[in-house]
Amino acid sequence: MSTERQLKLTSFLKSAIEHEQFSLFFQPQVDLRTGRVFGSEVLLRWLHPELGYIPPDEFIPIAESSGQIYEITEWVIEHALHYQAEITKLLPEHVISINVSGRDLSRRELSVQLITLINELSLAPSQIMIEITESVTIGKEAELKGVLDDYRSIGVKVAIDDFGTGYSSLAYLSKLGFDELKIDKSFVMDIETSKSNQTICKATCDMAHSLGSRVVAEGVEDINSYIRLQAYGCDFAQGYFISRPLPFTEFKSWLGKVTYAGDIKSFLVR
């Protein structure tokens with residue numbers, strides 16, 4: 001990224017919330033054991049009137065380095081939990097997964113905001129999953145343990161995202177007590193042609209379960225991958241085979257179609 005573009009994004013970020021340029025999209029997650037919708041991951045989108053769509057992996061690091069990530073995270077939490085209140089009217093057991101920056105994780109204000117909204121909206125804290133990337137955990141076990149225990153005391157669940165892209169082991173992660181582990185899509189998207197990725201996915205499912213964590217596979221893009229992950233005992237799946245990320249109104253409409261479909265697999269392949 002050029003220095004000029006970086007400076008532009010830093011400047012534009014300041015007004016992005018004020019001018020309602022952010023929106024949330026929802027990527028559905030399916031329970032591979034029942035074939036029913038389990039929940040969704042919330043994804044932040046930024047559409048700038050001049051620059052167009054700006055991907056999160058471009059603007060989030062800038063927001064972190066400039067200190068603007070805190071306001072963005074608060075905006076995401078506020079809107080995501082209000083949406084969760086609406087979604088649970090359609091799907092009472094729906095779990096919403098929200099990505100949180102490593103810089104935000106230990107902020108007391110974030111846990112206070114969560115508690116406040118959970119009470120105001122009468123939400124089940126166990127149906128809120130906070131996702132942090134694997135890189136956040138490396139070398140910070142002692143510090144993170146206390147932070148994660150604070151979230152658990154609220155009743156909120158915590159997931160490790162992009163597992164396999166860093167250098168931490170499942171044994172290391174087990175000490176932190178993650179409720180959910182997400183296998184990075186780089187190991188899933190070519191699972192049908194890569195023997196090594198098949199081994200990695202199967203071993204990850206087995207080891208995570210033995211440590212008391214559930215497993216989500218990201219990047220599921222075809223029926224064969226879906227069936228293979230079922231055979232491996234993977235708990236949940238998300239990816240374009242199930243659905244691309246959807247704006248809230250489209251997600252609600254999609255839910256209305258699949259909620260009564262029984263096993264979603266038959267709905268998806270017809």
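Predicted model: local features only at pLDDT ≥ 70, side-chain atom pairs only at ≥ 80, totals over all residues.

Trainee: What makes β2 and β4 a strand pair?

Mentor: Two strands pair if DSSP finds at least two bridges between them, and β2 has 4 bridges to strand β4 (residues 95-99), so the label holds. The two run parallel, with V42 standing opposite I98 in β4. The strands themselves are DSSP E runs of at least two residues, and helices are H or I runs of at least four, numbered from the N terminus.

Trainee: Which other strands pair with β2, and in what sense?

Mentor: Strand β1 (residues 22-31) is joined to β2 by 10 bridges, antiparallel, with L24 facing L44 as its bridge partner. Strand β3 (residues 52-54) is also antiparallel to β2, over 3 bridges, and there L47 stands opposite Y53. Both pairings are hairpins: 4 residues separate β1 from β2, and 3 separate β2 from β3. In the β1-β2 turn, G35 has a positive phi of about 75°.

Trainee: Why is β2 called largely enclosed?

Mentor: Buried means under 20% relative accessible area, exposed over 50%, partly exposed in between (1.4 Å probe, protein chains only). In β2, 11 of the 13 residues are buried, so the rest of the structure largely encloses the strand.

Trainee: How do you know that I154 is buried, and what does I154 touch?

Mentor: I154 has a relative accessible area of 18%, so it counts as buried. This residue lies in helix α7 (residues 141-154). Leaving out residues up to four places away in sequence, I154 touches S111, I115, I118 and P125, where contact means heavy atoms within 4.5 Å. I154 and S111 are 43 residues apart in sequence, yet 8.2 Å apart in space, C-alpha to C-alpha.

Trainee: And E20 and S122, why are they called exposed?

Mentor: E20 comes out at 70% relative accessibility, so it counts as exposed. S122 has 66%, so that one is exposed too. E20 is in the loop between α1 (3-16) and β1, and S122 in the loop between α5 (108-120) and β5. Neither is a glycine, but E20 has a positive phi of about 55° and S122 has one of about 55° as well.

Trainee: What makes a set of residues a nonpolar core?

Mentor: Such a core is a set of buried Ala, Val, Leu, Ile, Met, Phe, Trp, Tyr and Cys residues joined through side-chain atoms within 4.5 Å. The largest has 78 residues, and W46 is one of those with the most contacts inside it. The largest share of this core, 9 residues, comes from α3. Apart from it lies another core of 6 residues, including F38 and M129.

Trainee: Which residues does W46 touch?

Mentor: Not counting residues up to four places away in sequence, its contacts include L9, F22, Y53 and F59.

Technical notes: Residues numbered from 1 in each chain as written. Heavy atoms only, no water.
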